[in-house]
Amino acid sequence: MTPATDNQSSDKSNKVTGKVVATNGEPIVGATIKEQGTTNGTITDMDGNFSFMVSPNTMIEISYIGYQDQRIKTVFGKSMFITLKEDTELLDEVVVVGYGIQKKVNLTGAVSVVDAKTIQNRPITNATQALQGAQGVYVNSAAGAQPGNDAATIRIRGMGTFSSAGNDPLFLIDGVPGTLTDVNPSDIASISVLKDAASASIYGSRAANGVVLVTTKKAEAGKFSVSYNNSFGLQQITYLPDAVWDPILYMKGFDKAYENEGRAPLYADIIEEYKEGMKVDPYTYPATDWFDLYFRDAFMQEHNIRISGGNDHIQTGLSVGYLDQEGVVNFTDAKKVSINFNSTIKYGQFKAGINVSANYRNYNEPHYGISDYMQLAMRALPVMTPYLADGSYGRSWVVTPGQNTFNNLLSCKDGENNYKQTRIVGSAFAEYIFPYDIKYNITLGVRKVDLTRRYFQPTTYTYNPKTLEPQKMIANTTAMNAANDDINPSISQTVNWNRSFNGKHNIAALLGMNYEEFNAWSFSAKGQNGYLDNELTEVGLATTFLKPASSSSKVRLLSYFGRINYDYADRYLFEANLRYDGSSRFAKGHRWGLFPSFSAGWRIDQEAFMANTQNWLSNLKLRVSWGQLGNQSIGLFQYTPIMSSGVNYIFGNTTATGYAITQAVDPEISWETTTITNLALDFGIFNNSLSGSIEFFKKRTKDILRSVNQPSQVGNLTGAMRNIGTVDNTGLEANLAYRNNIGAFNYHVFGNVTYVKNEVVHIGGDDMINGKRITREGYPIDAYYLYICDGIFQSEDQVKHHAYQSANTHAGDLIFRDVSGPEGVPDGQITEDDRVVTGSSVPDFTYSFGLNLDYKGIGLNVFFQGVSGISTYPTHNLVYPYANGAGVTYEWLKRAWTPENTGGGFPRLLTTNSQHDNYTKSSTFWLRDASYLRLKNIQLSYDFPQKWIAPLKIASLKVFVNAENLLTFSDFDIFDPERSLTSDYIWSYPSVKSFTGGINVTF
């Protein structure tokens, strides 16, 4: 914007002056005054005054954040007095809550909102990814970017349970229970995350882990539009280990490991032959980079078209989406077609409508499965031949201990592992407003998920490149067909009543009931061998048929609920919720649970004694809430004895197969109950240009189910599940945002951080130990149970004077701390008593921040996201050197301890087949900090001016380019740090960074 000066014109009649004030008469400082269609303008001073030169017969535009823009004709010769009205969209902004909406300013619960604008045009292939960066929400995309199977793990304010009930939140799509995978991200209008008991208790026994409400886009009255969006892009793997693909380095390193183990070198006699052979015969003497063969840069494209419109009585919208995504792992890809349809009819006091979200996915993965494929990819060696000269699959003539059979993954092109999945979430509703403002609503919902799988594991051979001797890779050729069918019908009825008295007393009441049913069915048939080739793959062609597998289940949930809201003069806010749930997962007499919540808010800025702050204080609200939630998602029939098959009985000398009870039960098991206390302060100043909140919460989950061991003499039964455990999640949330403009330049800076302390309070006294993980009172769920590593032995004398570790401990090995002995004090020996609890699978901090800039249609959005205080323990292939036949990384060859290289930080080279303490004793040496900061998205866009596109009958046109996961900052560099919460392996589908571009056009 060009500032105006008096010398721009000699005609003083072109000078316009005036004052800009708010509706309360207070001057507005920094309002932008601009001559329409130009960059000529100015801003108001400390008293709201302005003065600048304009052209004759022109219009001026007045704008200020938080107020409605105005456009008025200039008046010359006298001062203009302009009053800006507050933007009612800010004052009346509503948030979707359970069974309704509420004004944001009157909200008393803890709710995080994700607006569709924040995810627009990002290459999000699964809607779970849209929650990344939402306050109080931890999103872990450990599944990587596998096409068709890329749902992220969602945790809201920590982990509340260690039982099979799980920590997944409840998801509702337009009020119908489902998952975020059920909906196309392009169809989402908003997402509300209900984090505390006050906001979530209306969902009772399904809300202990939080609730995620998804509202899809709806048609609007009086507005017909057609929009089309597309994007095209490329995906690349973010991290892969720096594996050694030089066969000579690989062999020399292996021989060094054998030397350290006191064994004769394996490759010394063939290294020279191999060097010379590499020059003339790449088939027999390969130097294969298997990552180049097993992985790739992958193309993706997405298209979405939406048609919507209507009048005051009928509004209808239809959208269709198509996603075509190659996988960065060879033999993976997916195609998805999505449909969203909504229609609403309104006549007088009657309103009815339907909402349907559906998608069809067809995706492929290697017949080995992703986990095995990735594991085998990490075991590939440079001495292995991919193909022989005739195109047949190769292996190696070189001896490779630990790999008696080489699984050449290139053979996956001969197999099949195809999934076809259809997901439908739909609802039909009708409502009527009776006299006295009583509104009745009935909603029928259904979610249906069908999955079919075709699997074929082919007959394939690899050939020794020297002798051409064949070797069968897989013992049995196998074909399988499988099907799953889930259908979940639901019905809910609500009665709402709202009334205001004397203009100050506002009351809203809700009563309702809800019935849900969960029906699941599965079947699979499998056959082996007898196939003449890899072309005819039907199960019925097999010569051997395995026992079919099948299952079915039904769970029912009946609920009654109510809510009452009261506010006085939009100043004092109160809310109470009550839900009474009955679940078929528990025994009679223990099926019903009562879940209450209470909350209050005080809008301090509305008080009379705050009147002198109105010119700068926009919002100041104190919120407090308390309530209880339940978790009924335990395994089926855990309250009653179950007969297990496959138990042998002996009658005389004859063995017969029968059934027996193998697990004890507790018929009185019931809900896991979560109690949440929440205290928060919301604030906004300078007309909410600066806004934020600080929130404290304590979430205690008690009566957590765990198996209780019992003496084997008592029937030799597995212990019963009982309500025993207690877990706390205590934390703090904070967010801050600032938005403003300098003329035509608009900017928005924002950030949030959440701290959660996860602590096991009670588990009945017994530790729950699972390998290197432990759940113990006073520590987080699934912490690590490790020996403390104090460095590396530098001499045999140091080994001699340290606590005894083992007979094979030498210089170059890890030093384990002598922490304790049987008597509770160090005893000069490294034993199980020396293990300590350390690390965490639950991050201490999750955070995000970003910047949005806009200037005359040019937009730049930058979004960072990260976690801190989380640990991971990678093991096996390429993490350990030469792990049971796997390869080695350059880092290990450079940093491994030798008498000449004592400061590399890694112990001496040893194969895992040595069963050395360096590997068998889980220690803090291998524990890694998985904290990271990621440039999650950066987007550059341009909105074409109306004067260019209006003649083409185009309402809006935008072009954009994106980069997702462009940069990652982390000390963990073996694989992507966004790893599985519990897996110790690097065998998951890789994460990707993607580069996309496209257009949005609306007619």
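This is a predicted model: local features need pLDDT of at least 70, side-chain atom pairs count only at pLDDT 80 or more; totals for chains, interfaces and linings use all residues.
**Cavities**

A search of the whole structure finds 10 cavities of 30 Å³ or more. The second largest cavity holds about 120 Å³ of space. Its lining comprises 17 residues, and those nearest the centre are Tyr-138, Gly-158, Val-756, Pro-843 and Thr-846. By class, the lining of the second largest cavity divides into nine nonpolar, five polar and three charged residues. Four strands, β12 (137-140), β13 (153-156), β40 (745-762) and β47 (845-855), each contribute at least two residues to that lining.

**Cysteines**

The search of the whole structure finds zero disulfides.

| Residue | Relative accessibility | Class |
|---|---|---|
| Cys-412 | 4% | buried |
| Cys-789 | 16% | buried |

Cys-412 counts as buried because its relative accessibility of 4% falls under the 20% cut-off. Cys-789, at 16% relative accessibility, is also assigned to the buried class, because that class covers values under 20%.

**A three-stranded sheet**

An open sheet is formed by three strands in the order β23-β26-β27, with mixed pairing. Its edge strands, β23 (393-394) and β27 (470-472), each pair on one side only. Strand β26 (residues 461-463) runs antiparallel to β27, and three bridges join the two. Within this pairing, Tyr-461 stands opposite Lys-472 in β27.

Technical notes
Residues are numbered from 1 along each chain as its sequence is written. Side-chain values use heavy atoms; hydrogens and water are left out. On a 1 Å grid over the protein atoms alone, a cavity is a set of points where a 1.4 Å probe fits but cannot get out, and a pocket is an open set with protein on both sides within 12 Å along at least five of seven lines; lining residues have an atom within 4 Å of a point. Grid points are joined across faces, edges and corners, and a volume is the space filled by probe spheres set on the points. Ala, Val, Leu, Ile, Met, Phe, Trp, Tyr, Cys and Pro count as nonpolar, Asp, Glu, Lys and Arg as charged, and the others, Gly among them, as polar. A disulfide is a pair of cysteine sulfur atoms within 2.5 Å. Buried means under 20% relative accessible area, exposed over 50%, partly exposed in between (1.4 Å probe, protein chains only). Two strands pair if DSSP finds at least two bridges between them.
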